[in-house]
Number of protein chains: 2
Amino acid sequence: MTSLQMSAKEEMVEKFLDAAARGDVVLVTAHLAQLPSVINQTGYSGWTALMLAARNGHYDVVEKLLSHGCDKYLVNSSSQTAYDIAKFWGHRHISNLLSRTDEGSQRVLLGSEVSPQENYFSREMLDRLSGKRTDKTWLESKHSDPDTVYLMFSKLNPMVSMPQEDDGGETKLCRFRYEAVKDLLQKPATVLIFLGVEKRKNPSSSSDAVQEPPAWFAIGSDEDAVELLKRCREKNFCFPKSPHRDLLKLNEEEAGVVAQARSVLSWHSRYSFCPTCGSSTSLEEAGYKRSCLNSECRSLQGVHNTCYPRVDPVVIMLVIHPDGNQCLLGRKKMFPAGMFSCLAGFVEPGESLEEAVRREVEEESGVKVGPVNYVSCQPWPMPSSLMMGCLAVAMSTDISVDESEIEEARWFPRQQVIDSMFKGSHPTFSVPPRQTIAHQLIRHWIGINSNL
Amino acid sequence: MTSLQMSAKEEMVEKFLDAAARGDVVLVTAHLAQLPSVINQTGYSGWTALMLAARNGHYDVVEKLLSHGCDKYLVNSSSQTAYDIAKFWGHRHISNLLSRTDEGSQRVLLGSEVSPQENYFSREMLDRLSGKRTDKTWLESKHSDPDTVYLMFSKLNPMVSMPQEDDGGETKLCRFRYEAVKDLLQKPATVLIFLGVEKRKNPSSSSDAVQEPPAWFAIGSDEDAVELLKRCREKNFCFPKSPHRDLLKLNEEEAGVVAQARSVLSWHSRYSFCPTCGSSTSLEEAGYKRSCLNSECRSLQGVHNTCYPRVDPVVIMLVIHPDGNQCLLGRKKMFPAGMFSCLAGFVEPGESLEEAVRREVEEESGVKVGPVNYVSCQPWPMPSSLMMGCLAVAMSTDISVDESEIEEARWFPRQQVIDSMFKGSHPTFSVPPRQTIAHQLIRHWIGINSNL
């Protein structure tokens with residue numbers, strides 16, 4: 001390709017992006033017909049045509065680009081997808097379109113066209129490459145690789161940079177290089193977890209197909225937070241004090257990484273000793289296994305769950321009144337004033353999800369539940385739950401609260417829920433924030449038989 | 001009510017049952033109009049009209065009885081429901097009808113009319129009454145209650161009676177009374193688990209509404225199986241040697257009880273020591289909690305998962321070829337010759353179900369997966385997994401097997417799967433038995449877009 005051709009192409013990209021930004025769907029279509037490869041090209045700050053159309057609310061252009069197979073998962077230099085942009089600017093019809101999978105026709109093969117929504121903490125920007133966890137040579141080469149990213153954790157919380165004006169007010173993970181952490185890696189109390197390598201976003205488009213993508217590790221250190229922070233010159237670095245609040249301020253991708261790292265680190269923090277014989281254990285497989293140091297221990301014969309991280313399945317459910325127009329929400333004493341949420345509880349041994357939903361709802365509220373449907377799930381890294389979100393239909397309506405579990409439970413009419421979530425400047429109650437699966441379950445219910 | 005009236009009623013019940021058994025839907029309807037309460041009455045061996053109609057393949061009578069609100073969950077004196085009977089006698093259209101929830105109209109409220117199937121190990125015949133686990137007085141009164149049922153476990157397996165000709169060839173749990181086990185309860189090595197109380201099947205119909213239903217306990221004993229068996233005079237009592245095979249021979253209700261008991265017992269067997277500090281622990285809350293005996297241990301401050309039974313979420317998935325007409329099955333070396341099954345693997349910390357499906361399929365077979373839908377789940381008490389069954393659509397078709405995980409993986413055409421499962425006397429391969437969720441997932445897929 002000559003430099004003249006390059007420049008002609010650059011000009012075309014610029015015109016194409018401009019057409020998308022202005023909402024000129026005819027010109028966008030013409031460009032795509034002439035040069036299909038223009039579709040994922042980026043302009044200023046890594047913005048694609050899709051992002052520009054999403055920013056300015058041009059639904060028809062977004063639709064056209066999607067139908068031509070554009071990559072909707074690309075991010076701009078601020079790590080935003082077109083979906084993030086549409087959502088931020090309040091173009092709900094576009095963010096809905098972008099959140100839909102382009103796989104409707106394939107879903108028919110599953111006997112259901114419902115696509116589970118993506119919840120906060122569940123996006124995976126890393127490929128875990130679990131096969132590499134036993135490859136010590138490979139892991140060691142990654143440790144000192146200048147591209148490798150290290151995250152630092154103290155008491156299970158990651159070091160983050162607090163929002164500054166010029167980064168759009170986002171809390172971000174602090175990423176370190178080998179040089180900054182190599183002495184920490186030598187300390188015996190340091191726990192090192194291999195998180196994975198970055199997934200390629202656009203494998204065909206650039207030269208990094210030959211180069212291996214960067215590896216990520218999490219460092220859990222026993223040094224206290226103050227000591228760790230002394231290593232940094234940045235004043236706005238800190239360890240969040242309130243993970244239930246502060247970890248919800250990360251972007252979707254970093255939240256997913258924290259979910260993985262924090263769950264594994266909390267397992268190490270709680271499971272340092274062999275539960276079968278009480279002996280000490282050693283950390284193996286890049287942080288995903290602990291083996292008993294007592295050679296007589298039966299946990300060393302065969303495969304035992306004692307050696308692997310724990311994940312606790314939880315059911316969380318929105319119970320719908322038999323009239324279809326009210327939902328059951330409860331509040332715990334520790335909730336902020338006025339907040340109500342879905343009921344929830346741990347799945348017991350030998351219990352199906354659906355039975356766990358019925359048991360928990362009856363225990364906590366006295367309401368009997370019939371049909372139960374799984375909707376979507378959310379890893380919740382405090383410490384290591386897997387929240388299985390369900391809708392359920394009540395078979396009885398009298399409420400009798402178990403006060404050891406919740407303070408109050410009530411039927412809320414659909415319109416009151418809608419008003420509180422979307423409209424009222426004086427809401428009569430509140431629900432948990434959008435990053436929680438409780439919030440998403442409520443929205444999902446509101447969306448059934450309506451266009452919200 | 002005079003004895004004359006009683007006898008008139010008895011005569012009517014007999015005629016009604018006879019009409020149901022013969023398939024006379026007109027007479028059945030007439031009886032129901034005349035005396036609605038006849039609907040759940042039982043005759044010889046506790047058989048209801050529904051059971052008789054199910055036995056003899058009278059679909060229209062079954063439909064009529066269901067539409068009049070008969071209780072399809074009643075059991076006869078052999079603990080069989082109408083569904084069990086229809087299934088046993090091969091009336092598949094009737095067993096399908098009986099397995100369907102009568103809640104279709106309510107499911108609309110959930111935005112999906114798909115009803116999760118019930119899997120083996122997931123039926124709950126007991127109400128766990130978790131609130132009673134801390135009520136020592138109540139528990140003690142139940143220990144010596146003559147109605148209380150005890151199950152005995154050695155090395156995690158329950159004592160069962162092996163099939164005899166006169167009980168229909170069923171493996172059954174051996175149920176003991178207090179007198180038979182009271183000395184065992186005194187031994188310090190005995191683990192005692194409160195399982196729950198029997199659910200009332202038909203609360204309105206009899207006098208047991210005043211009486212509390214029987215409580216069930218599981219006893220895990222360190223005495224060896226031979227010692228325990230000496231306590232019984234029955235020759236056909238035994239402890240199964242091969243739980244993966246033998247525990248699949250129980251009826252649905254007993255299987256559900258074993259799932260609960262075995263999962264909790266295996267937790268005690270593996271988690272005797274505090275994982276946080278390595279100290280000994282004591283058993284609490286009727287077998288559902290272990291507390292560290294070291295008063296300094298941080299597991300005693302706040303609520304920690306180390307103190308509660310472990311449940312391991314597993315994904316098991318049937319991957320469908322993009323052409324919709326083939327499915328991906330794999331085999332492990334340990335499988336019986338010719339057997340193939342769904343791929344499966346443990347959910348990792350910080351991972352959603354759907355991502356776990358994608359990761360495991362790609363790791364084990366090299367196939368990339370797009371949309372994933374949850375279908376149903378199965379508690380699998382070996383030792384304490386929760387199998388989350390999903391269908392998934394492949395986005396690529398080349399297979400590259402991870403030989404450390406599986407021996408072979410292949411695409412099987414739908415017709416070949418149908419032939420092997422339902423027809424061939426010389427099947428080209430086999431799938432796991434009907435008690436497994438793998439089997440049920442495959443059947444579920446076959447059922448989509450077909451009438452099988």
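Colleague: What makes the pair E348(B) and R128(A) a salt bridge?

Modeller: In this predicted model, the closest N and O atoms of E348(B) and R128(A) are 2.9 Å apart. The rule asks for a side-chain nitrogen of Lys or Arg within 4 Å of a carboxyl oxygen of Asp or Glu, so the pair qualifies. The count between chain B and chain A is eight salt bridges. Elements of chain B that each supply at least two residues to the side touching chain A include α12, β11 (312-320) and α13 (353-365).

Colleague: How many residues are in contact between the chains, and what area is buried?

Modeller: On chain B there are 75 residues in contact with 74 of chain A. About 6200 Å² is buried between the two chains, and carbon and sulfur atoms give 54% of that area.

Colleague: Why is S221(A) called buried?

Modeller: The relative accessibility of S221(A) is 7%, and buried means under 20%, so S221(A) counts as buried. This residue is found in strand β7 of chain A and touches F153(A), S154(A), L184(A) and L228(A), leaving aside residues up to four places away in sequence.

Colleague: How do you know that S221(A) makes a polar contact with E223(A)?

Modeller: A polar atom of the S221(A) side chain lies 3.0 Å from the backbone nitrogen of E223(A). The limit is 3.5 Å, so the distance falls within it.

Colleague: In chain B, what makes β2 and β3 a pair?

Modeller: Pairing needs at least two bridges, and β2(B) and β3(B) have two, in the antiparallel sense, so they pair. Within these strands, F153(B) stands opposite P158(B).

Note on methods. Residues are numbered from 1 along each chain as its sequence is written. Chains are lettered from A and ligands numbered from 1 in the order in which they are written. This is a predicted model: local features need pLDDT of at least 70, side-chain atom pairs count only at pLDDT 80 or more; totals for chains, interfaces and linings use all residues. Side-chain values use heavy atoms; hydrogens and water are left out. Helices (H or I, at least four residues) and strands (E, at least two) are DSSP runs, numbered from the N terminus. Buried means under 20% relative accessible area, exposed over 50%, partly exposed in between (1.4 Å probe, protein chains only). A polar contact is a pair of N or O atoms within 3.5 Å; within protein, one must be able to donate a hydrogen and the other to accept it, and residues adjacent in sequence count only if both atoms are side-chain atoms. Contact means heavy atoms within 4.5 Å. Buried area is the accessible area (1.4 Å probe) that two parts lose on being put together, summed over both.
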